[in-house]
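Visitor: I am new to protein structures and would like to learn how to read one. Could you take me through it step by step?

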Amino acid sequence: MGSYDCTKCPAYCCSYTRIIVNKRDVTRLAKHFDVDVEVAQKRFTKVVEGEQVLRHQKDKIYGSVCMFLDIKERRCTIYNARPGVCHEYPDFKRCGYYDFLKWERTQQGDEKFIPLTWK
Ligand code: SF4
Ligand code: SF4
């Protein structure tokens, strides 16, 4: 039995400001959208403190999330072409955020409750 369920989570992990991409990730994105690698790099990524990261979009829940998140359905729109870090996350059997979410929901007695702060 899995200890976290992404379908019941508003995709907290996609709100990380530094979703790092490497060359392979950008090449995969370019292929997926059928554009040149340079175009993909410019359109989908930016450099923050020397690191190439995915661009963001505004979001009601977390303020800002990855540009590829469907903010209504709360799921990745490029699932098969998503970067390696998204593929690997979370790399443990548990997701810390999901544990927190479940605990808050039990406290609130509300299955769909979304806490807005998380530290
Ligand atoms: S924060 Fe955890 S439970 Fe939520 S979508 Fe990401 S991996 Fe899944
Ligand atoms: S590429 Fe997909 S899985 Fe990765 S952060 Fe963006 S929306 Fe989330």
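**Reading charges, cores and contacts**

Guide: Let's start with one residue: Asp5 is partly exposed, because its relative accessible area is 25%. Keep in mind that this is a predicted model.

Visitor: Which residue does the side chain of Asp5 meet in a salt bridge?

Guide: Side chains of opposite charge can pair when their charged atoms come close. Here the partner of Asp5 is Lys8, with 3.8 Å from N to O. Lys8 has a relative accessible area of 45%, so it is partly exposed too.

Visitor: How many salt bridges are there?

Guide: The count comes to five. Another of them joins Arg18 and Glu51, whose closest N and O atoms are 2.8 Å apart. This pair links distant parts of the chain: Arg18 sits in the segment before H1, while Glu51 belongs to strand S2 (residues 51-54), 33 residues apart.

Visitor: Are Arg18 and Glu51 buried or partly exposed?

Guide: Arg18 counts as partly exposed because its relative accessibility is 45%. Glu51, with a relative accessible area of 25%, is partly exposed as well.

Visitor: What about Arg74, which side chain does it meet in a salt bridge?

Guide: Arg74 meets the side chain of Asp59, at 2.8 Å from N to O. Again distant parts of the chain are linked: Arg74 is in the loop between S5 and S6, and Asp59 is in strand S3 (residues 56-59), 15 residues apart.

Visitor: Why does Arg74 count as buried?

Guide: Look at the relative accessible area: buried means under 20%. Arg74 has 14%, so it is buried. Asp59 is at 8% relative accessibility and therefore counts as buried. Leaving aside neighbours within four places in sequence, Arg74 is in contact with several residues, including Cys9, Pro10, Tyr62 and Leu69.

Visitor: Which charged residue is buried yet has no salt bridge?

Guide: That is Arg105. A salt bridge needs the nitrogen and oxygen within 4 Å, but the nearest side chain of opposite charge, Glu111, is 6.6 Å away from Arg105.

Visitor: What does the side chain of Arg105 reach, then?

Guide: It reaches the backbone oxygen of Phe113, at 2.7 Å. To place Arg105 on the chain, look in helix H4 (residues 96-108). Beyond its neighbours within four places in sequence, Arg105 is in contact with residues including Lys8, Pro10, Asp110 and Ile114.

Visitor: Let's turn to nonpolar residues. How many residues are in the largest nonpolar core?

Guide: To read a core, look for buried nonpolar residues that are joined through their side chains. The largest one here has 12 residues, among them Ile19, Val21, Leu54, Cys66 and Phe68. Helix H1 (23-33) and helix H2 (37-44) each supply at least two residues of this core. H1 gives the most, with three residues. Apart from this core lies another, of 11 residues, among them Val65, Leu69, Cys95 and Phe100.

Visitor: Why does Ile78 count as buried?

Guide: Ile78 counts as buried because its relative accessibility is 3%. With residues up to four places away in sequence set aside, Ile78 touches Leu29, His32, Phe33, Phe68 and Pro83. The C-alpha atoms of Ile78 and Asp91 are separated by 20 Å, and these residues are 13 apart along the chain.

Visitor: Now the whole chain, please. How many helices and strands does the secondary structure have?

Guide: There are four helices and six strands. Read along the sequence, they follow the pattern α-α-β-β-β-β-β-β-α-α. The C-alpha trace spans about 50 × 30 × 25 Å along its principal axes.

Visitor: And how do I read burial and contacts for the chain as a whole?

Guide: Of the 119 residues in the chain, buried ones make up 31%. For contacts, take those between residues at least 6 apart in sequence: 53% of them join residues at least 24 apart. The chain exposes about 8600 Å², and carbon and sulfur atoms supply 53% of that area.

Definitions and conventions
Residues are numbered from 1 along each chain as its sequence is written. Chains are lettered from A and ligands numbered from 1 in the order in which they are written. This is a predicted model: local features need pLDDT of at least 70, side-chain atom pairs count only at pLDDT 80 or more; totals for chains, interfaces and linings use all residues. Side-chain values use heavy atoms; hydrogens and water are left out. Buried means under 20% relative accessible area, exposed over 50%, partly exposed in between (1.4 Å probe, protein chains only). Lys and Arg count as positive and Asp and Glu as negative; His and the chain ends are not counted. A polar contact is a pair of N or O atoms within 3.5 Å; within protein, one must be able to donate a hydrogen and the other to accept it, and residues adjacent in sequence count only if both atoms are side-chain atoms. Contact means heavy atoms within 4.5 Å. A nonpolar core is a set of buried Ala, Val, Leu, Ile, Met, Phe, Trp, Tyr and Cys residues joined through side-chain atoms within 4.5 Å. Accessible areas come from the Shrake-Rupley method with a 1.4 Å probe; for residues, only the protein chains shown count as cover.
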